[in-house]
Amino acid sequence: MEKNRVKILFLDRNAVGPFELKDIFSKYGEYTELNLTNDDDIASYLKDYDVVILNRIRLGKKEFEKASHLKLVLLTGTGYNHIDLVAAKECGVTVANVENYSTNSVSQLTMTLLLNELTKVEKLSQEVKKNKWNEISNKMDTYYHVDTEDKVLGILGYGNIGRKVEQYAKSFGMKVMVAKIPGREYKDDIENRFSLDEVLEKCDVLSIHAPLSDFTRNLINLDKIKKMKKSAIILNLGRGPIINEEDLYYALKNKIIASAATDVMTTEPPQNDCKLLELDNFTVTPHLAWKSLKSVERLFAAIENNLNLFLENKLIGLESK
């Protein structure tokens with residue numbers, strides 16, 4: 001492909017917010033933006049394009065086989081479990097992701113959710129707006145804050161984000177235990193790494209930052225949750241399917257643990273009949289932990305760099321990782 005003659009399609013442009021992209025990609029050729037979802041016939045849109053940019057759209061064998069001109073998929077994120085890498089390789093398509101662009105942003109939301117669960121800022125504000133100021137002030141036994149000091153934070157997924165969360169947590173006086181993912185081999189000697197079961201038994205907060213894999217899918221199920229303290233909190237900033245959501249609902253509904261907060265869910269957006277959304281002890285944000293302005297700027301600088309590397313035949317795609 002020659003620069004200035006590339007046909008580029010962004011499938012789900014709305015997923016990244018009001019960030020100006022036409023100036024970035026139009027200089028490489030014809031640039032088109034769509035706001036598709038997985039409910040659309042994605043394959044029908046691909047046949048004329050050399051490069052596709054996407055956030056959460058799934059691409060499988062059917063889509064790759066119908067994309068006769070497609071040579072490059074640029075992911076606007078780190079995770080790639082929604083892409084069939086085997087089918088991409090069979091069809092001669094390179095797939096490239098971006099790592100480490102949102103470490104600060106995701107870590108910041110992690111601590112925001114953690115502190116909100118311990119201090120209940122959101123719920124207190126809602127009560128005050130219902131003219132319950134005095135009622136709250138006179139019921140301190142109901143509305144005590146929980147101090148972070150000496151609380152134990154368990155971290156599942158100890159990459160850049162997990163390490164950053166550890167730094168933040170220690171600055172709040174928390175102790176940190178890093179959990180081993182069952183089935184994975186560990187060759188390092190991190191002194192605060194323990195078995196998952198031990199972390200679950202001792203932690204006051206479990207913070208999930210692992211990628212989705214065969215090792216982590218449904219890893220946090222009812223049996224695992226039952227090992228935790230009744231006062232424990234679960235945070236999920238990794239991938240939705242790491243937690244079995246039916247089991248989580250049962251655990252929250254029956255007070256097996258105190259609460260949970262997540263930025264990711266198994267089905268996004270969740271269905272209208274999602275039972276978790278009915279619970280007062282469940283908090284959810286719409287998969288936006290990564291989306292600070294600085295993170296988006298870093299992200300698209302890296303995506304443009306991936307495109308240039310590809311045009312120069314220097315890009316190492318995911319199939320080589």
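I began at a strand pair: A179 has F194 in β8 as its bridge partner. Strands here are DSSP runs of E of at least two residues, helices are runs of H or I of at least four, and both are numbered from the N terminus. Two strands pair if DSSP finds at least two bridges between them. The model is predicted, so I note its limits: local features need pLDDT of at least 70, side-chain atom pairs count only at pLDDT 80 or more, and totals for chains, interfaces and linings use all residues. Residues are numbered from 1 along each chain as its sequence is written, and side-chain values use heavy atoms, with hydrogens and water left out.

**Sheet**

I looked up the other bridge there and found V178 partnered with R193 in β8. The pairing of β7 (residues 175-179) with β8 is parallel and has two bridges. I then traced the whole sheet. It is open, has seven strands in the order β8-β7-β6-β9-β10-β11-β12, and pairs in parallel. The edges are β8 (193-194) and β12 (282-284); each has a single partner strand, so one side of each lacks a neighbour in the sheet.

Further in, β6 and β7 run parallel and are joined by five bridges. L153 has V176 as its bridge partner in β7. L153 also stands opposite V205 in β9. Four bridges join β6 to β9, again parallel. Another four link β9 to β10, also parallel, and there I208 faces N236 of β10.

**Burial and helices**

I checked burial next (buried is under 20% relative accessible area, exposed over 50%, partly exposed in between; 1.4 Å probe, protein chains only). Four of the five residues of β7 are buried, so the strand is largely enclosed by the rest of the structure. In β9, V205 and S207 on one side and L206 and I208 on the other are all buried, so both faces are covered. In a regular strand the side chains alternate between the two faces of the sheet.

Helix α8 (residues 160-171) lies across β6, β7 and β9, at about 175° to β6. Angles run from 0 to 180 degrees between N-to-C directions, with axes fitted to C-alpha atoms, for helices over the stretch in contact. Contact means heavy atoms within 4.5 Å. I also noted that β6, α8 and β7 form a right-handed β-α-β unit. Right-handed means that, with the strands pointing away from the viewer, the path from the first strand over the helix to the second runs clockwise.

**Cavity**

How many cavities of 30 Å³ or more does the whole structure hold? My search gave one. The volume of the largest cavity is about 70 Å³. It has 13 lining residues, and the closest to its centre are I243, L248, T262, V264 and F282. A cavity is a set of points on a 1 Å grid over the protein atoms alone where a 1.4 Å probe fits but cannot get out; lining residues have an atom within 4 Å of a point. Points are joined across faces, edges and corners, and the volume is the space filled by probe spheres set on them. The largest share of the lining, three residues, comes from β11.

**Backbone**

Most residues other than glycine have a negative phi, and most peptide bonds are trans. E268 and P269 are joined by a cis peptide bond, omega about -5°. P269 sits in the loop between β11 and β12. K120 has a positive phi, near 55°, and is partly exposed at 28% relative accessible area. H287 has a positive phi too, near 50°, but counts as buried at 14%.

Note on methods:
1 Å grid on protein atoms, 1.4 Å probe; cavity = no way out; pocket = protein on both sides within 12 Å on 5 of 7 lines; lining within 4 Å.
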